[in-house]
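Q: I am new to this structure and would like to learn how to read its features. Please take me through them one at a time.

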Amino acid sequence: MVELAAEARPGEVSELNNRAVVTVTGVRDRLRVLLVSGEPHAGERTWRRLLKADPGVDLVHFTILRPPEKDDLTPLNELALIAFPVRELFQVKLREFDLVVFDRFANRGILPPAYLRNIADYVRGGGALLMSVGPEFAGPVSLAATPLGAVLPARPAVGAGQGAGMSGAAEGAFRPMVTTLGARHPVTEGLTGANPDEQHEASWGRWYRSMRADQRSGTTVMEAAGGAPLLVLDRVGEGRVALLLSDHIWLWSRGHDGGGPQAELLRRAAHWLMREPELEEEDLTARIEAGRLHVQRRSVEAAPPPEVTVTAPDGTTRRAPLQPGPGGRATAELAAEQPGVWQVSDGRRNAFVAAAAANPLEVADLRADPARLAPILTATGGGVRWLGTAPEPVLPELRRVGPGRDAQGGSQGGWIGLRRNGDHTVTGIAAMPLLPPWLALPLVLGIAVLAWRREGR
């Protein structure tokens, strides 16, 4: 939002039209997503359907059908149409993707450490990474044990999958739960079927496997049985990472045990990773409606919201308290009568909003210009009379004129005419008797007789 202002000049009629507000809206035309599935499995189609259903997403999807160490004598021309373009995807064109998704991908030598380091640098530089993991996350081929693990918000639990008597996967039925922070985070806030609090279960379907992990950073918005992290969101440098520690979300898409909002959850997670403004968990927005300034602050922090500083277009400032609301939101409402750009700040973020149009048509040009009326004057025979600059205005004489006659004349004020349009003209008068004479006379005589007899009594 850009506000342009011109200095006032001597003798200006008004300064109302000295400001102009221009709003520039940026729209991301297409979103490019790279999806790499480590192996064919039941949940692979869930990711593909989700990303292909969005017309604004260009999806590039590869599935590793056979790891390099497996040799079953299958001809290469029956495995894939093209070879996996590792160098082109993860070195040449990596930064052209808005989101990279690894779905149960195991590091079996397909991606050399240099390429995995490129992905980590891509995230730190502003990229987005989404990982959905299964049992491979706790094994020796886990991506957490590669240079990519430096940007992950969680690692396999100590001893998981290392032969220490502790399996990397927690097996058993459980219902995913939205955490207290998750209830305030836009990715999981308000999901259909979610638990209202941590003391009650959700109403959606159960999952049967989650990966044991030690969280190092980020925000856990969903948890598995026993409070174990299930969906962890994190910001790394300029980029973002989401880690889903289960490969059973596809059960919701099949309607198992009542199903669940898997499409909405994954859509929100993907768009949060790609910086969708409406899904920012720490945000400050403002809008003006009917002369009122509406401020909304969103945060996952449970602390009381701070006061905001509101700066009016004329530079005056005032403090306004925010009223806490559901979903991590806090709001305030103030009068906004001045036209121009209003600024709202909570100390860390700023929001700008324009009050109506700072240059409406009525004040765009305040100079009196008879040229604008010239077409109407020519068509009706009218004229323009200036009242002059003297203390006493020069008023023209008013006359009534007939249709087709000139409606102005004379000089130095002269006269102007008001045309007789003839909207109502009396052309004649007609009278009709209420009753015929032969009926009216007996009626009148009868009424007179009745009146005489009543008076006689």
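Q: How many aromatic pairs does the structure hold?
A: A pair of aromatic rings is described by the distance of the centres and the angle of the planes. Rings of Phe, Tyr and Trp (its six-membered ring) pair if their centres lie within 6.5 Å; planes under 30 degrees apart are stacked, over 60 edge-to-face, and the rest tilted. There are five aromatic pairs here. One of them joins Phe174 and Trp207, edge-to-face, with 6.3 Å between centres and 75° between planes. Phe174 belongs to strand E8 (residues 169–174) and Trp207 to strand E10 (residues 207–211), so this pair ties together parts 33 residues apart in sequence. Strands (E, at least two residues) and helices (H or I, at least four) are DSSP runs, numbered from the N terminus.

Q: What kind of model is this, and how are its residues numbered?
A: It is a predicted model, in which local features need pLDDT of at least 70 and side-chain atom pairs count only at pLDDT 80 or more, while totals for chains, interfaces and linings use all residues. Numbering runs from 1 along each chain as its sequence is written, and side-chain values use heavy atoms, leaving out hydrogens and water.

Q: Is Trp207 buried or exposed?
A: Buried means under 20% relative accessible area, exposed over 50%, and partly exposed in between (1.4 Å probe, protein chains only). Trp207 has 0% relative accessibility and so counts as buried. The rings of Trp207 and Trp252 are tilted, because their planes meet at 55°, with centres 5.0 Å apart. Trp252, at 3%, is also buried.

Q: Which residues form one aromatic cluster?
A: The cluster consists of Phe174, Trp204, Trp207 and Trp252.

Q: Where does the charged end of Arg32 sit?
A: A charge sits over a ring if NZ of Lys or CZ of Arg is within 6 Å of the ring centre and within 35 degrees of the ring normal. The charged end of Arg32 is over the ring of Phe97, 4.9 Å from its centre. For Arg240, the ring is that of Trp272, with the charged end 4.9 Å from the ring centre.

Q: Where is Arg349 found, and which residues is Arg349 in contact with?
A: Contact means heavy atoms within 4.5 Å. Arg349 lies in the loop between strand E21 (340–345) and strand E22 (350–355). Leaving aside neighbours within four places in sequence, Arg349 touches Glu282, Asp283, Leu284, Arg297 and Val344. With 18% relative accessibility, Arg349 counts as buried.
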